[in-house]
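Biologist: I am new to reading protein models. Could you walk me through a helix and a ligand site?

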Amino acid sequence: MAILLFADHDNAVLSEQTVRALTAATQIGEEIDILVAGQNASGAAEAAAKLAGIRKVLLAEQDALEHRLAEPTAALILALSGDYGTILAPATTTGKNVLPRVAALLDVMQISEITEVVAADTFKRPIYAGNAIEVVQSTEAKKVLTVRTASFAPAGAAAAPAPVQVVETGAEAASLSRFVENMLSKSERPELGSARIIVSGGRALGSDEKFRSVLNPVADKLGAAVGASRAAVDAGYAPNDFQVGQTGKIVAPDLYVACGISGAIQHLAGMKDSKIIVAINSDEEAPIFQVADYGIVGDLFEILPELERQL
Ligand code: FAD
């Protein structure tokens, strides 16, 4: 049966996570439709239509869908679900908000944060903070999945765009929840989730002033996003949304530079899929060196300023 990919977007722009989740969808089967639910979302729908390997884009527009609150969006997906054997979404805030509700309404078990498609009904997903990989075979007639997008490459572009089909929504305004405000952090730097390079700092930075004055110049030279360990966030050296790890963001950049981070499993769970890992740590026994491609044993307060000069 066909596959429905619930797109993540901000009405104007389709997210990179959707493009990556499409790769997972193409590994499951061939007849893939992308659902763009929103309001004034033709920009996102047109971007989706240009992706390779899809049959069509379903565009559902209504005030109630503008912010993709769980109740009206899940009702929409449920109304469409009869035509699909698999319903999936990237494991973003919206995907993780909407799909469990869809799964519950369909009375099936969701398989969360898949990292590999073994077969159309069998998936790999990390458990125990990424320390073990579980292989799950689903016997559900309808499969509901979220996709850990860092594990999949972005899908390519199509030679010709797929058709965009407008669907009647019938979605009613949510009664249990309402949209109040979107408070987005503003930064000149790339967004942590999609950055190609990340420079991350740990407890060793010692203060928020040091975090900024020692880490930022290197990040600026590399055009990198800045990340942090939980210890650095808890100590107030870096804001919450910098946190990388099990309870922070899951990232997989081309280059991850870990500075003064010991490499606790909860931190590794968020960054060990990075293509190249560089670790700077004064303790040569630090566990971070076990996952690092390049390790520098030394004092980061000497190494980072020197690195900045060299860059
Ligand atoms: P530390 O472990 O204290 O390491 C500091 C490192 O800096 C040491 O290796 C030290 O050798 C080195 N160092 C010291 N001085 C210097 C210097 N001058 N130059 C170079 N190196 C130096 N952590 C996360 O990061 N992300 C998460 O999402 C997360 N989620 C968690 C969830 C749970 C349920 C729990 C229990 C924990 C979680 N943690 C998480 C916390 C995690 O266990 C660690 O405590 C944390 O990652 C440690 O941060 P750190 O490496 O910065 O600090």
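Modeller: Gladly! Let's begin with the word contact, which stands for heavy atoms within 4.5 Å. Keep in mind that this is a predicted model.

Biologist: Which elements cover the buried residues of H4?

Modeller: Their cover includes the strands S1 (2-6), S4 (84-90), S5 (110-114) and S9 (143-147), together with helix H3 (70-80).

Biologist: And which residues of H4 are buried?

Modeller: Buried means under 20% relative accessible area. In H4 that applies to Thr94, Gly95, Val98, Leu99, Val102 and Ala103. They sit on the same side of H4, because the arc they cover around the axis is only 140 degrees. Thr93 and Ala104, on the other side of H4, are exposed.

Biologist: How far apart are the end C-alpha atoms of H4?

Modeller: They are 21 Å apart. Helix H4 has 14 residues (93-106), so at 1.5 Å a residue it should span 20 Å, and the two values agree. After H4 comes Asp107, with a positive phi near 60 degrees.

Biologist: Now the ligand. How many residues surround it?

Modeller: There are 25, and the closest are Arg203, Ser229, Thr247, Ser262 and Asn281. For polar contacts, we look for pairs of N or O atoms within 3.5 Å. Arg203 places a polar side-chain atom 2.6 Å from a ligand oxygen atom. In Ser229, a side-chain N or O atom is 2.5 Å from an oxygen atom of the ligand. Ser282 uses its backbone: an N or O atom there lies 3.1 Å from a nitrogen atom of the ligand.

Biologist: How much of the ligand's accessible area does the protein cover?

Modeller: On its own the ligand has 990 Å² of accessible area, and the protein covers 73% of that.

Methods: Residues are numbered from 1 along each chain as its sequence is written. This is a predicted model: local features need pLDDT of at least 70, side-chain atom pairs count only at pLDDT 80 or more; totals for chains, interfaces and linings use all residues. Side-chain values use heavy atoms; hydrogens and water are left out. Helices (H or I, at least four residues) and strands (E, at least two) are DSSP runs, numbered from the N terminus. The expected span of a helix is 1.5 Å times one less than its number of residues. Buried means under 20% relative accessible area, exposed over 50%, partly exposed in between (1.4 Å probe, protein chains only). The arc is that of the directions from the helix axis to the C-beta atoms. A residue is near a molecule or strand if one of its heavy atoms lies within 4 Å of it. A polar contact is a pair of N or O atoms within 3.5 Å; within protein, one must be able to donate a hydrogen and the other to accept it, and residues adjacent in sequence count only if both atoms are side-chain atoms. Accessible areas come from the Shrake-Rupley method with a 1.4 Å probe; for residues, only the protein chains shown count as cover.
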